[in-house]
Amino acid sequence: MPHPHPTVDASTEAMIEDLRTLVEVESPSRDLTALRTSAEAVAAVIERRLGGRAVLVESDAGPHVHWSGGGDPKVLILGHHDTVFPLGTLERRPFTVVDGRATGPGVFDMLGGLVQAIHGLAMAGDRSGAEILVTADEEVGSHSSRALIEERALACGAVLVCEGAAEGGALKTGRKGCGTFEVSVTGRASHAGLEPAAGVNALIEAAHQVLDIAALGRPEIGTTVTPTVASAGTLDNVVPAEATVIVDVRVESADEKERIEASFAALAPHLDEAEIEVRGAVGRPPMPESAAAGLFALAQRLLPGIEATAVGGGSDGNFTAALGVPTLDGLGAVGGGAHADHEYVVIDAMAERARLIAGLVHALQQPEETASP
């Protein structure tokens, strides 16, 4: 139903005020106390700017925040309030606005996008059919929020993801599927000087596995398989009995997802008596560019000249696109430095991106304008 308050224009000053509020409530993933405080702050900003009630949805990863404008669901605005920065980062790197840039932990990924989305929806005036879902665990895999994300995406039929824009302000129309695998090796310890042959060297087995794993990559078709963390051994005179290798995987197609998962499952030991165990999967399916085609065409009509690109990183838009729900990503802040100390948001772009959200929501409220993949 239409909101009782009149439509208002985007106020950059008000957006900065709300951005400061959210950044100054630190929200590292897995810190349940901090995430509850953050969820309450997000809910308060939503209610102050949009009215109604923002509901905290409890989960074992922390509270998600869900708000609905009522009426028949038509568009889901999707984001997250957890960040990668540990408590105490704010003291070292406080929220600051200097030379047209806002900086601070989480300002680009993705608190700036949340603020723009909320203010954009406030500009739309009629909020019927619009929903906002702000999850607490995107940075750690969305395991507790995925079912809710998929449920609301299917109910709404279109998803606007307010993750930060790509380089140069481009929207994100494709994302690789991504996942993490852990390969655990079990050998047998022995004295490295007295009885080296009596042991089964888990480190040597892990070295064989790393080479086998790295060979699975097919970068020419967008598949990267990158061993990133390894550990083995206890003392310098003991044949190591255990080793672990962690691997980052990115794929562009469902076929490659299946190939990679099958290849990890088929890994076999090279050394007699060594054992290996593999855990993990490509948890975020690829986001095909076809899922964004209709919504991006609509964005181009609203903001001529805006560009789009496919990126390697994943988001919760991967889940919604994989369901066949039209999904457009990168609608958040223009800036850069996600997960880094130089993270920033371009202040001058905030109002324009809020207006883009408003225009997309308005168009999706009209059946004749609804985009399709």
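## A buried phenylalanine

F264 is buried, at a relative accessible area of 1%. The model is a predicted one. F181 counts as buried too, because its relative accessibility is 1%, and the cut-off for buried is under 20%.

## The aromatic pair

Searching the whole structure turns up 1 aromatic pair. Its members are F181 and F264, with ring centres 4.0 Å apart. Their planes meet at 10 degrees, so the pair is stacked. Planes under 30 degrees apart count as stacked.

## Charges over rings

Two arginines deserve a look here. R93 lies over the face of F85, at 4.8 Å from the ring centre. R101 places its charged end over the ring of Y344. The distance to the centre of the Y344 ring is 3.7 Å.

## The largest cavity

Rolling a probe the size of a water molecule over the atoms shows where empty space is left. In this structure there are 2 cavities of 30 Å³ or more. The largest has a volume of about 50 Å³.

What lines the largest cavity? The lining consists of L22, V23, V25, E26, S27, T83, F85, P105, G106 and L111. By type, these divide into 6 nonpolar, 3 polar and 1 charged.

Two elements give two or more residues each: α4 (107–124) and β6 (130–135). Which of them gives the largest share? That is α4, with 3 residues of the lining.

Is the lining of the second largest cavity polar or nonpolar? It has 7 nonpolar residues, no polar and no charged. The lining of the largest cavity, by contrast, includes 3 polar residues and 1 charged.

Methods:
Residues numbered from 1 in each chain as written. Predicted model: local features only at pLDDT ≥ 70, side-chain atom pairs only at ≥ 80, totals over all residues. Heavy atoms only, no water. Phe/Tyr/Trp six-rings, centres within 6.5 Å; stacked < 30°, edge-to-face > 60°. Buried < 20%, exposed > 50% of the residue type's maximum accessible area, 1.4 Å probe, protein only. Lys NZ or Arg CZ within 6 Å of the ring centre and 35° of its normal. 1 Å grid on protein atoms, 1.4 Å probe; cavity = no way out; pocket = protein on both sides within 12 Å on 5 of 7 lines; lining within 4 Å. Points joined across faces, edges and corners; volume = space filled by probe spheres on them. Nonpolar A, V, L, I, M, F, W, Y, C, P; charged D, E, K, R; others polar. Helix = DSSP H or I, 4+ residues; strand = E, 2+ residues; numbered from the N terminus.
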